[in-house]
Amino acid sequence: MIPETLAPAVAPLPRDLPRPGDLVVARNRKWDGGAHWVVPGVHLGEDRHGWWIYQGRGEFISRPGMALHTLTDAVLLVPREGAYAATFYDDENPGEFRVYVDLAWDLSWHRIRDASPTGSGAVEFHMVDMDLDVIQSSVRGVFVDDEDEFEEHRVSMHYPQALVDAVQQECARLLAAVRDATGPFDGTADEWMAKGRKETR
């Protein structure tokens, strides 16, 4: 049993949830509070899996010590249930990644601007990045990455043992889901990618 204080997600207030067309800023941090990736996008809509955010090419993204403009389109899924956030790419991505699942904790939404007269608002998606990643590569297949980082941080950042166990269990579940193409990894992201390209170009 995971203590309530280690729940992976916080039930959002209805006003904080993104609406189609909202600017969504994904703002990640580490367990010790250190800043991590900041990535902007546009909320496309939601389905039974969760909320889908389009992150187009040419966007400026950054983390401490690194900044760049994205070279490809992607869609981010923030799940209704689960301790992760998943980014999907397609064959236009010049890199090898097709699915990149960040194990995460403390997922939450925070509205930072109400809708403008044109109908768009802005929200932030916050999460704690838990190091482990489940990746589907066009070259190496499906695998778990950054296990060494997880082992290092569980000591240096003092991860509670209940958290360590929960993240490892969730990682195993996601590895199987990506490998077996089940749940949101069944190709659903392709439709959201097409929608994002149509509505933002």
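Me: Which strand gives the most to the lining of the largest pocket?
Reply: A pocket is an open set of points on a 1 Å grid over the protein atoms alone, where a 1.4 Å probe fits, with protein on both sides within 12 Å along at least five of seven lines; lining residues have an atom within 4 Å of a point. Here strand 9 gives the most, with five residues. Strands are DSSP E runs of at least two residues, helices H or I runs of at least four, numbered from the N terminus. The model is predicted: local features need pLDDT of at least 70, side-chain atom pairs 80 or more, while totals for chains, interfaces and linings use all residues. Numbering starts from 1 along each chain as its sequence is written, and side-chain values use heavy atoms, without hydrogens and water.

Me: Which residues are closest to the centre of the largest pocket?
Reply: Trp37, Ile61, Thr87, Tyr89 and Tyr100, out of 34 lining residues.

Me: What does phenylalanine 185 touch?
Reply: Its contacts (heavy atoms within 4.5 Å) include Tyr84, Phe88, Val101 and Leu174, not counting residues up to four places away in sequence.

Me: How many residues lie between strand 4 and strand 5 in their hairpin?
Reply: Two. Glycine 65, in the turn, has a positive phi of about 90°.

Technical notes:
Two strands pair if DSSP finds at least two bridges between them.
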